[in-house]
Amino acid sequence: MGIGRKRMRRLRTTEAMRRLVRDISISADDLVYPLFVKAGSGIKSPIKSMDGCFHFSDDTVVEEAAEVMSLGIPAVLLFGLPGQKDQQGSGAWMDDGVVQQAVRAIKKQLPELLVITDVCLCEYTSHGHCGVINSGKVDNDKTCQLLAKTAVSHAHCGADMIAPSDMMDGRVGVIRDALDEAGFVDTAIMAYSAKYASAFYGPFRDAAESAPSFGDRKSYQMDFRSAGQAVAQMNLDIEQGADIIMVKPAVGYLDVISRARQRFDVPVAAYNVSGEYMMINDAAKAGHLDREQAIMETLFSIKRAGADIIVTYFAKEAAEIIRKQ
Ligand code: PBG
């Protein structure tokens, strides 16, 4: 048997040839950069568990958002760390809450930057769960009402898109109705639809001070031993009015991203989470791999699986890498 006529290496011979035939690309347009805002002023303090990320206050976050925008990244995703937490998580929907103030400040200075807000109660509750507790359990329906209130308060301040990450049943529909009733018919919803209970959120929970004080999130976030449920979750969210569906985490869940792409016609986002971010940071620091190459290979794997949008702490760095290529 000869080698055959088909030689795959022909198309790999030179960089120009490889550039010509490649079929996946990433641009800054595909990226979303997460930002953490804290109550206070003049804050820009490094987050210990997440190298290269900072806590900002509503005044300093504007400068950072401007830098993100100047790199060609279209959107930021805001997380809030309130001054005070309580059982209900009331800091989440306060008119002068930390995210509310940050949204106002950013939209005032940078009206063209898309501002997405994470909607969840875990950063605001004293117990750290994503909803209110009733007899030791997270009360789904009561939580949905509070999430809707939070979403409307973000929209009032100018948020362009609401991203519920709590995994309560029915929250997308309740939020959509509340936004519409309040007149925010154009405020979009990016639902964390297939969000798994994951060890890879570890660094984020330090950054957002949101680790649950008892139990875990397994009664609302998905079991990673399941794939079919992800499709059901995404289906439900689309039915209830999600404009964009999200899979989270990304790297260990490329199969789920791929299913989402094949099954649905809405944009698919993937969240390259804090643990995935720190694994590359630490491995590069230890000299095990080339940082820039590992970042781009990871982002391309997420894109290749079918994600249109990638939420990543690497967004700024990736935009710079893309620019110089
Ligand atoms: C809030 C939320 C979490 C993340 C995004 N939104 C934490 C969690 O669900 O425990 C994780 C993000 C990351 O790890 O980068 N519910």
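Reader: How far is the side chain of glutamine 221 from an oxygen atom of the ligand?
Author: The model is predicted, with local features needing pLDDT of at least 70, side-chain atom pairs counting only at pLDDT 80 or more, and totals for chains, interfaces and linings using all residues. Numbering starts from 1 along each chain as its sequence is written, and side-chain values use heavy atoms, without hydrogens or water. The pair here is a polar contact (N or O atoms within 3.5 Å; within protein, one must be able to donate a hydrogen and the other to accept it, and sequence neighbours count only if both atoms are side-chain atoms). An N or O atom in the side chain of glutamine 221 sits at 2.9 Å.

Reader: Which residues are closest to the ligand?
Author: The ligand is surrounded by 18 residues, each with a heavy atom within 4 Å.

Reader: What is the volume of the largest cavity?
Author: A cavity is a set of points on a 1 Å grid over the protein atoms alone where a 1.4 Å probe fits but cannot get out; a pocket is an open set with protein on both sides within 12 Å along at least five of seven lines; lining residues have an atom within 4 Å of a point. Points join across faces, edges and corners, and volume is the space filled by probe spheres set on them. The structure has two cavities of 30 Å³ or more. The largest holds about 160 Å³.

Reader: Which of its lining residues are closest to the centre of the largest cavity?
Author: β9 (188-195) and α6 (202-207) each give at least two residues to this lining. It divides into ten nonpolar, four polar and six charged residues. Of the 20 lining residues, the closest to the centre are Cys122, Ser165, Lys195, Phe204 and Lys248.

Reader: Which strand gives the most to the lining of the second largest cavity?
Author: This cavity has a volume of about 40 Å³. Its lining includes Tyr33, Phe54 and Glu64, and divides into seven nonpolar, no polar and one charged. β1 (31-38) and β3 (54-56) each supply at least two residues. With four residues, the top contributor is β1.

Reader: Which helix gives the most to the lining of the largest pocket?
Author: The pocket has a volume of about 380 Å³. Among its lining residues are Arg19, Arg22, Met296, Phe300 and Arg304. By class there are five nonpolar, two polar and four charged. Three of the lining residues come from α10.

Reader: At what angle do the axes of α8 and α10 cross?
Author: Leu254, Ile257, Ser258 and Arg261 in α8 meet Ser301, Ile302 and Ala305 in α10, with contact meaning heavy atoms within 4.5 Å. That contact has four nonpolar, two polar and one charged residues. The axes of α8 (residues 254-263) and α10 (residues 291-305) come within 8 Å and cross at roughly 35°.

Reader: What is the omega of the peptide bond from lysine 248 to proline 249?
Author: Most residues other than glycine have a negative phi, and most peptide bonds are trans. Proline 249 lies in the loop between β10 (244-248) and α8. Its bond from lysine 248 is cis, with omega near -10°.

Reader: What is the phi of methionine 167?
Author: Methionine 167 is in the loop between β8 (161-164) and α5 (171-181). Although not a glycine, methionine 167 has a positive phi of about 70°.

Terms used: Axes fitted to C-alpha atoms, helices over the stretch in contact; angles between N-to-C directions. Nonpolar A, V, L, I, M, F, W, Y, C, P; charged D, E, K, R; others polar.
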